Amino acid sequence: MKKLLLAALLALLCVSLAGCARPGTDPASTQDQRLILVGFSQVGAESDWRKANTLSMQTALSAENGFRLILDDAQQKQEKQITAIRNFINQGVDYIVLAPTTEQGWETVLSEAKAAGIPVIIVDRMIEVADNSLFTCWIGSDFRKEGDEAVKWMEREKAPLRIVHLQGNIGSSAQIGRTEGLDAGLAVHPEWQLVFRASGDFTQAKGQELVEALLNEGTAFDLIYSENDNMAYGAIDALKKAGLQPGEDMKIVSFDASSTALHMILNGEISYDVECNPLHGPRVRAIIEQLEQGETPPKFTYVEETAFDREMLTEALIDSRGY
Ligand code: AHR
């Protein structure tokens with residue numbers, strides 16, 4: 001009789017434990033059990049764009065909306081993203097969202113996610129893998145088109161240009177596409193001259209450092225092609241420190257169109273800014289909801305983007321944009 005009672009108690013304990021623990025994770029609360037668990041591997045916090053992107057994901061994938069989001073900031077290091085994805089697999093997440101640093105090098109870890117049966121959604125930048133079944137779908141920007149847009153504006157200048165090119169992280173889709181756009185422009189404009197090209201890692205500090213060094217060397221130039229707004233802010237600081245007037249002494253073309261940069265267009269410091277839309281949170285949420293319903297989202301989705309110069313901007317328009 002005693003043995004029977006013990007067995008019944010043990011069975012009861014097993015049932016209740018199975019009901020509240022995911023394999024390999026701390027037991028979650030009953031309420032968490034009803035939430036969709038999403039592991040998000042974010043590139044870092046290198047730019048205003050990136051911070052707006054993180055906030056968009058946190059807002060859309062909130063507990064009120066039925067999600068529990070585990071955010072991992074990789075500080076722009078691919079090896080940290082690979083570790084984060086392995087941790088998500090061990091935690092038994094329902095979905096992995098990856099904003100990849102670079103395009104290459106994802107085969108092994110995404111094969112592990114596939115073997116664990118976890119759908120992987122890629123956002124923002126693209127990845128290049130031989131087997132596209134390693135991810136469920138991708139949503140992000142057409143970075144080459146963004147580069148082409150910037151070049152179209154430069155062509156309207158109708159002048160010989162000595163160009164300083166501040167690149168983003170080498171090997172990221174944002175760098176590859178925007179650099180390809182400029183290279184295509186350089187190939188058909190012999191009157192354009194590339195006087196400097198280096199990576200500023202998409203950060204304000206590096207942008208400033210590179211332009212300060214150039215000015216100290218006495219390099220002359222007419223235009224800075226900055227592959228994101230934060231490097232443009234750094235470049236502007238360097239120009240001002242040297243007593244130069246950005247927008248007058250040299251033009252600046254940038255990417256992202258975040259609100260600080262758009263104000264700099266209004267005050268004449270930035271001449272043209274090509275939008276890169278960071279508001280992917282609601283889009284990722286919609287994809288997960290589709291998958292939950294057993295539907296198949298499109299494999300690749302490019303978001304709509306535009307570009308801004310001074311004529312088309314007003315304070316009201318900037319305020320209405322949300323980043
Ligand atoms: O991948 C998008 C790029 O990454 C944005 O242009 C840049 O600001 C960010 O860091």
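Strand 7, which spans residues 192-199, includes Ser-199. The model described here is a predicted one.

The side chain of Ser-199 takes part in polar contacts with backbone atoms. A polar atom of this side chain lies 2.9 Å from the backbone oxygen of Gly-168, and the side chain also reaches the backbone nitrogen of Asp-201 at 3.1 Å. When neighbours within four places in sequence are set aside, the residues in contact with Ser-199 are Gln-167, Gly-168, Asn-169, Ile-170, Lys-206 and Leu-210.

## The ligand and the residues around it

Which residues are found around the ligand? They are Glu-46, Ser-47, Trp-49, Arg-50, Asp-124, Arg-125, Phe-143, Ala-174, Arg-178, Phe-202, Asn-228 and Asp-256.

In the side chain of Ser-47, an N or O atom is 3.0 Å from a ligand oxygen. For the side chain of Arg-50, the corresponding distance to an oxygen atom of the ligand is 3.0 Å, and for the side chain of Asn-228 it is 2.9 Å. On its own, the ligand has 280 Å² of accessible area, and the protein covers 100% of it.

## The pairing of helix 4 and helix 5

Helix 4 comprises residues 78-91 and helix 5 comprises residues 107-115; their axes come within 10 Å of each other and cross at roughly 10 degrees. Because angles under 35 degrees count as roughly parallel, helix 4 is roughly parallel to helix 5.

Helix 4 contributes Ile-82, Ile-85, Arg-86 and Ile-89 to the contact, while helix 5 contributes Thr-108, Val-109, Leu-110, Glu-112 and Ala-113. How many residues of each class make up this contact? The contact of helix 4 with helix 5 has 6 nonpolar residues, 1 polar residue and 2 charged residues.

How values were computed
Residues are numbered from 1 along each chain as its sequence is written. This is a predicted model: local features need pLDDT of at least 70, side-chain atom pairs count only at pLDDT 80 or more; totals for chains, interfaces and linings use all residues. Side-chain values use heavy atoms; hydrogens and water are left out. Axes are lines fitted to C-alpha atoms, for helices over the stretch in contact, and angles run from 0 to 180 degrees between N-to-C directions. Helices (H or I, at least four residues) and strands (E, at least two) are DSSP runs, numbered from the N terminus. Angles under 35 degrees count as roughly parallel, over 145 as roughly antiparallel, 65 to 115 as roughly perpendicular and the rest as oblique. Contact means heavy atoms within 4.5 Å. Ala, Val, Leu, Ile, Met, Phe, Trp, Tyr, Cys and Pro count as nonpolar, Asp, Glu, Lys and Arg as charged, and the others, Gly among them, as polar. A residue is near a molecule or strand if one of its heavy atoms lies within 4 Å of it. A polar contact is a pair of N or O atoms within 3.5 Å; within protein, one must be able to donate a hydrogen and the other to accept it, and residues adjacent in sequence count only if both atoms are side-chain atoms. Accessible areas come from the Shrake-Rupley method with a 1.4 Å probe; for residues, only the protein chains shown count as cover.
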